[in-house]
Amino acid sequence: MSLDDPKGGIALTLNGEAVILGADPAARLSEVLRERAGARDVKVGCNAGDCGACTVLLDGEAVCACITAAGQVEGRVVETQRGLLEGPEGQRLAAAFQRHQAAQCGICTPGMMVSAAALLRRGGALNEAAVADALGGVLCRCTGYRKIIDAVLDASRHKALVAEGDRAPVSEGGVGARVERLDGWPKVAGLERFGDDVAPADALSLRVIRSPFHRAGFTFGDLDAYRAAAGLELVLTAKDVPGENCFGVIPGFEDQPVFAEGETRFKGEAVAAVVGTPEALAALPDFPVTWEERPANLTPRGAAEAAQLHGTRADNVMCRGRVARGDAAGAMPGAAHVVSGDFSTGFIEHAYIEPEAAVARRVGDRIEVQCCTQAPYMNRDGLARILGLAPGDVRILPTATGGGFGSKLDLTAQPYVALAAWRLNRPVRIAYTRTESIASSTKRHPSEIRMEIGADAEGRLVAETFDGVFNTGAYASWGPTVANRVPIHASGPYLTPNYRADSAGVHTNTAPSGAFRGFGVPQSAVAQEQLFDMLAEKLGMDRLAFRKLNCLRNGDPTVTGQVFETGMGIEACFEALEPHWAWALAGAEQFNATHDTVKRGVGVAGGWYGCGNTSMSNPSTIRAGVTPAGEVVLHQGAMDIGQGSNTVITQIFAEALGVSVSQVALVGPDTDVTPDAGKTSASRQTFITGNAARLAGAALRAQILRLGNVGEGAEIGFEDGTIVLSEGGEKRRVELPQDEGYALEVTESYDPPTLPLDENGQGVPYAVFGTTAQMAELEVDLELGTVKLLRIVAAHDVGRAINPLLVEGQIEGGVAQGLGLALMEEFLPGRTENLHDYLIPTIGDVPPIESIIIESGDEHGPFGAKGLGEHCLIPTAPAVLNAIAHASGARIHHLPATPATVRAAILAQRENGTE
Amino acid sequence: MKRFEFIQPSSVEEALAAWEPGAAWLGGGTNLLDLMKIGAMQPDRVIDITRLPGLSGIETLSDGSIRIGALVRNSDLAVNATVARDLPMVAEALLSGASGQLRNAATVGGNLMQHTRCNYFQDPHAACNRREPGAGCDAREAGDRMALLGWSDGCIATNPSDFCVPLAALDAVIEVRGPQGAREIHVSEFHLLPGDNPQRVTALEPGELILALRLPPEATAFAGHARYLKVRDRTSFAFAMSSAAAALKMEDGRISDARLALGAVAAKPWRAAEAEAMLSGAAPEEALFTRAADAALAEAKPSGDNAWKIDLARRTAVRALLMAAAGTPARIPALPASPFGSKVGDLAHA
C-alpha cells in the first residue's frame with residue numbers, strides 16, 4: 001500500500017457498526033473518522049497527542065486518534081463520544097457533565113467524556129486522583145477542570161451527587177437561578193459544531209504560506225507555473241486583495257495586512273495562500289518564495305534603535321497612556337514607608353483548544369463565512385473592507401466557538417477563505433494547524449513594569465507611580481486598549497490619592513499582542529499586589545488587613561476621579577476571605593513548624609475591572625419577537641464562547657418579559673437576522689447585552705400587556721397561537737396578529753454611560769467595575785523550586801449573580817488561567833508553537849476552588865449584575881506569587897515562576913540575607 | 001508530508017525482510033507520526049510492527065530475569081503485577097510520563113527509540129546536525145534546558161524518556177534482531193552521545209528491530225528502596241526538567257549496593273557509576289547523598305543558558321536517594337515521581 005494507490009479500505013467497527021473507510025493507511029485516524037466517516041464529534045486541537053480532544057476508544061482503551069495511523073486500526077473497535085452515548089457510561093457522563101456544567105465551550109468535552117468512559121468501565125470506586133490520571137491527557141482552557149472532576153465522580157455513582165438543596169442546578173428559573181446551560185446538551189451529546197465541523201464535502205482547502213523568519217524580505221517565483229504544476233485552483237497574494245489589504249480593530253490603528261507586502265514583520269506572518277483539493281494540498285511542492293532574512297528586534301528594549309515597523313510611529317512606540325491624580329512625585333517623599341520594584345511577564349498564548357477555522361461560500365454577489373469568532377459584526381465590517389464590499393454583502397454565521405479569551409475577536413482565517421471563495425465561486429475551508437495558530441494569533445502583552453508605592457505610618461496609601469512598557473508585537477491589534485486600560489486599573493481597587501501611571505505599547509518583530517482576558521490588568525496586578533505585600537511587611541501589618549484598610553468604598557474617588565455611590569464591593573470581598581485567611585495562616589504556621597524542605601504559604605490579592613470599552617460607545621442591540629404561533633424568539637447576538645451568555649441573556653430577557661426560560665427560543669448571532677450585540681470581550685455581555693435584553697423583554701411585555709389591556713402584574717402565557725393573560729384569577733385570551741414574520745417584535749439597545757478622559761486620564765471610563773479578592777494556599781519545595789497549589793478561595797462581587805452556577809464556572813476557569821500565568825506559561829516566538837512546549841495547566845494542576853459570590857448590586861447593571869469574565873484571573877497570579885513569597889521568602893519578579901525561577905529566587909534571597 | 005509506503009508485515013521475519021534504507025519502524029506512533037507530519041522525519045517506507053506476534057508478553061525467566069516484549073504498551077507494563085512489585089521505579093517512571101492516552105499507545109520499543117524534544121530538531125526550518133548532518137545547531141544560541149553531560153559542539157539535545165532512566169540504573173539489556181542476526185545491547189550502550197556524529201542516536205544498526213527488553217535478576221533486589229523522581233513545569237504530562245532513578249539495596253541499615261541514573265541531562269540516561277561506588281557500604285545519610293550527587297554531576301558543564309540545571313539535577317539526585325532510602329511505598333503515589341506525592345503511606349517491603 002502507498003499513498004499513491006490506497007488499495008481497498010480500512011475495515012473497522014465504529015460505534016458498533018462495521019464500516020470500511022477508504023483512506024491512506026498512514027493518515028491520521030482523527031482525520032479519517034471526521035472526513036470519511038462523518039464523526040465530527042472527534043475534535044482536533046493539536047494533531048500531536050498533546051491536547052487529547054481527539055480521544056477515542058480503541059479496543060476499549062483511550063488513545064489520541066490524531067497520532068494513530070488509520071491503517072493500524074484495521075479490524076479493531078473504535079468508539080467515539082456519539083457511540084458512547086448508546087451505552088450506560090456515556091449516558092451517565094452526559095447527564096453529569098450537563099448537571100455540573102462541566103462543558104463550557106465544549107471543544108474538549110468529547111475527549112473528556114471518552115477518557116472518562118474508559119475509566120468508568122473499569123469499575124470500582126473512584127477518587128479525584130484516579131480521575132485526574134485518566135483525564136490528565138485532555139486539556140481544557142475554559143473550566144478549570146473542577147466541574148469536570150465533579151461530573152466524572154458523580155457519574156461513577158449510580159445516584160446523583162448534587163441533587164440536594166439550593167445548590168442543585170435547575171432547568172427553569174429566572175434571574176438568580178442555577179439554570180443549566182441552555183445550549184449544553186449538544187456539547188455533551190457530541191452534536192456541537194465548531195469552526196472546522198461545518199464545511200460541505202466539496203469544499204476546497206486553503207493553506208497559508210507564512211514567514212519562517214522574524215523579519216524578512218521576500219520575492220515570489222513564477223506563481224502561475226507553480227499553480228499549474230501543483231494542480232491548484234488558486235494562489236493568492238497581496239495583489240489579489242480587491243479592497244484594502246489591511247485590517248485591525250481600533251479606529252486609526254488598522255495596520256495589519258492580510259498578506260505582507262515587501263517585508264514580513266513577524267515569524268508566522270502570511271505572504272500567500274494556496275487553494276486546492278485536499279489531495280493537491282497533501283502533495284504540495286515547496287512554494288516558490290525566496291526569503292531574505294533581515295535583522296529583527298524582539299523586545300521593547302531595542303525598539304528605539306530598531307528599524308521602524310510602521311512609518312508614522314516614531315521609536316516604534318504605538319501609543320502611550322496616562323492617568324495622573326494628585327501629585328505622586330511630590331507626595332512620595334512624605335510617605336513613611338516606600339517600596340518599589342521591577343516586574344515582568346512574558347507573552348501568554350490563549351491556547352483555546354479549537355484552532356481558528358472558517359469556511360466561506362459565495363452566494364451571488366454576497367459572501368458568507370461560517371467561523372468561530374467572538375465578534376461577528378466586527379468581523380463582517382473588517383471583511384467587507386478587505387473584499388471591497390458593502391458590510392451588508394458580507395454575512396457572518398458563527399459556529400460554536402471552542403474558546404476565545406480575546407484572540408478570536410480579531411480576523412484570523414476568515415479573510416483567506418473569503419477571498420478564495422469570492423474568486424473561485426466555490427466553498428473554501430481552512431482550519432489552522434496548532435503551530436500556525438500559536439505562531440500567528442494575538443498574545444497577551446509581555447510587560448515590563450516599574451512601580452513605587454508609599455504609605456503613611458498607619459498603612460494608608462499615600463502615593464503610587466507606575467511605568468509599564470508593553471510589547472505590542474508587529475501590529476496594533478488591541479494594543480491601544482491595553483495602553484489605555486492599564487493606567488486606569490494599575491492602582492487596584494484601592495483609594496490612592498496621589499497617582500501617576502504611564503504606559504507605552506511598543507512594536508517589535510513578534511506576533512501581535514492583542515486582547516487576552518484582562519487587557520493588561522493581570523500584568524499590572526502582578527506588580528501592584530506583590531508590592532502591597534512588601535509594604536505590609538514593612539508596616540508590620542497583616543497583609544489582608546492592609547488591603548482592607550485601603551479598599552475603595554462607596555463615595556471614594558478612583559484614580560480617574562470617578563465616584564461610585566453604590567456597589568463598590570471590594571471590602572466585602574476581603575471580608576469574605578477573612579475566616580479562610582486566618583485558618584490558612586494558622587495551618588501554614590503549624591505545618592512549617594514541623595517541615596524543613598517543603599514550606600506552606602498563603603497569599604492574597606485583590607483586583608478590579610471596568611466592564612465594557614474604555615470611555616467609548618459600545619452598544620448592544622437585542623431583537624425579540626413573538627411568532628403568530630405564539631413562540632417567543634430571542635435573537636441573542638452575544639457570542640457564547642463557553643462563558644454562558646446564551647443562558648444568562650435568556651434568563652434576563654425571560655425575567656423581564658415574565659416567562660420561563662424554556663418558553664424562549666433562541667436565534668443565534670447571524671449577522672443577517674440578529675442585530676449587533678457587540679463583542680464578547682471586556683466582560684461586557686452580561687452588563688451591556690444583558691441590559692439590552694432586559695429592555696427588550698420589558699418592551700415586549702409592555703406591548704403584550706397593552707394588547708390585552710391588562711395591568712402591570714398580569715402573567716403572560718401562550719397557547720395555540722394566542723396570548724393568555726392572567727390577572728387577579730381571571731384569564732384573558734388575545735389573538736396574535738397573523739402577519740408575515742413576527743406578530744409582535746421589539747428591538748432595544750443599551751450603551752453604557754461613560755465620559756471621555758482628559759489628558760490626565762480623569763473622567764468616567766466605565767459605568768461599572770467588578771471587584772474581586774482571592775486567596776491561594778500552596779506548598780513550595782525549597783530545594784527543587786517546585787510549587788503545589790492546595791486551595792484557592794475566590795470572592796467576587798458580581799453585583800447580582802444572574803446564574804450562580806455559571807459564575808462559578810467563570811471563576812474556576814479564570815483561576816486556572818491565572819495559575820498558568822503565574823507558574824508555567826510563556827510563549828517564546830519560534831520555540832513554543834505546540835502544546836508540549838507551551839504548557840497550560842492540566843487537570844492535576846488546579847486545586848479545589850471555593851467560590852464566594854458577593855452581590856452588592858449595581859446602579860446600571862441588569863437586575864444589578866456586573867460583568868465577571870476578566871476579573872476571575874486578575875488576582876490569581878499575584879495571590880500565588882505572594883503565597884510563594886510567604887512560604888519561601890523569595891519574591892518572584894519575572895514570570896512564570898517555574899521551578900528554576902523559584903529556586904533561583906530562593907538562592908538569591910538567601911544570599912541577600914547573609915550579606 | 002513526503003510520500004511513503006506503508007507496510008504491515010505479519011511476522012518478525014517479514015518485517016526484517018521489508019526493511020530497506022530509508023525505512024522506519026512504526027510502533028505506537030506517538031512520536032514517529034508527529035515527527036513525520038511536521039517534517040522532522042521523512043521515511044520512504046513505514047513498517048507497522050504493531051501486529052507482529054510474540055512481542056507483547058511479560059515473563060519471568062528461569063534465572064529470575066524479567067523479559068518484556070518490545071510491543072508491550074507502557075500502560076500495561078506499568079500495572080503489571082511483577083513489574084509493580086519487583087521493579088517499582090520502572091512503573092513509577094512510566095506512570096510519570098506523558099498522559100494516559102499516550103501510555104495506552106506507546107510501546108517499550110518505541111520508548112527506547114524516542115527522539116529528542118529539542119525545539120530545533122523538531123523545527124524543520126532550524127539548523128540541526130542531528131536531523132541534517134553538517135547543518136549546524138541553532139540550539140547552541142538559545143537553548144536553556146539542554147544537556148549538561150556528554151554533549152558536543154555539534155549537539156546539546158537530551159533524551160526525553162522517563163522509562164529509560166530506571167532501565168539504565170538497573171542494567172537492562174535490549175534484544176535486537178537484524179540482517180546480521182540477533183544480538184543484545186546493554187542499555188548504557190544503546191543511546192549514543194553526540195560526539196562528531198549527532199545524527200546517530202542509538203546503537204541499532206540499519207534494519208535492526210528491537211524484540212525485547214530484559215532486566216537481570218539482580219534488578220529486583222532493589223525493590224524495597226527504589227524511586228523515580230521527576231521535576232517538571234506542571235503536575236503531569238510534561239517532560240522532565242531533571243529526573244533521577246535511585247535504588248538502594250539495604251543490609252543491616254547500610255547500603256550494600258546502589259544504583260543512580262539521571263534523566264534529562266544528556267543524550268542518554270546518565271548512569272552515575274562513581275556516585276554508586278561512594279554509596280556502597282555506607283550508611284544512608286543526606287550528607288553522603290549530597291557528596292554522591294556532587295560526584296554524579298562533577299563533569300557537568302552548561303551547554304547554553306542552563307547552568308541552573310546543574311544545581312537542579314544535583315538536588316534531584318539527592319532527593320531521589322532520600323526517597324529511596326525511606327523505602328518504596330506499597331502503592332505508587334497518586335502523583336507518581338513527584339516531590340509532593342511521596343510523603344506518607346505504607347512501605348512495600350517494610
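Across the interface of chain B and chain A in this predicted model, 21 residue pairs are in polar contact, with both partners at pLDDT 80 or more. On the side of chain B that touches chain A, the elements giving two or more residues are strand 1 (5–7), helix 2 (32–37), helix 6 (100–105), helix 8 (119–122), strand 9 (226–231) and helix 14 (308–326) of chain B. By class, this side of chain B has 21 nonpolar, 16 polar and 21 charged residues.

Charged pairs also link the two chains: seven salt bridges are counted between chain B and chain A. B:Arg319 forms a salt bridge with A:Asp781, and the closest N and O atoms of this pair are 2.4 Å apart.

The extent of the interface may be considered next. The size of an interface is often given as the accessible area lost when the parts come together. Between chain B and chain A, the buried area is about 4800 Å², of which carbon and sulfur atoms give 52%. In chain B, the residues that lose the most area to chain A are B:Gln101, B:Arg234 and B:Phe340, which together account for 16% of what that side buries. In terms of contacts, 58 residues of chain B meet 64 residues of chain A.

Within chain B, five strands form an open sheet with antiparallel pairing, in the order 4-5-8-6-7. Strand 4 (58–60) and strand 7 (181–186) of chain B are the edge strands, each pairing on one side only. Neighbouring strands of this sheet are turned by 25° against each other on average, direction ignored. Strand 6 (residues 173–178) of chain B runs antiparallel to strand 7 of chain B, and six bridges join them. The bridge partner of B:Val176 in strand 7 of chain B is B:Arg183.

How values were computed
Residues are numbered from 1 along each chain as its sequence is written. Chains are lettered from A and ligands numbered from 1 in the order in which they are written. This is a predicted model: local features need pLDDT of at least 70, side-chain atom pairs count only at pLDDT 80 or more; totals for chains, interfaces and linings use all residues. Side-chain values use heavy atoms; hydrogens and water are left out. Contact means heavy atoms within 4.5 Å. Buried area is the accessible area (1.4 Å probe) that two parts lose on being put together, summed over both. A salt bridge is a side-chain nitrogen of Lys or Arg within 4 Å of a carboxyl oxygen of Asp or Glu. A polar contact is a pair of N or O atoms within 3.5 Å; within protein, one must be able to donate a hydrogen and the other to accept it, and residues adjacent in sequence count only if both atoms are side-chain atoms. Helices (H or I, at least four residues) and strands (E, at least two) are DSSP runs, numbered from the N terminus. Ala, Val, Leu, Ile, Met, Phe, Trp, Tyr, Cys and Pro count as nonpolar, Asp, Glu, Lys and Arg as charged, and the others, Gly among them, as polar. Two strands pair if DSSP finds at least two bridges between them. Axes are lines fitted to C-alpha atoms, for helices over the stretch in contact, and angles run from 0 to 180 degrees between N-to-C directions.
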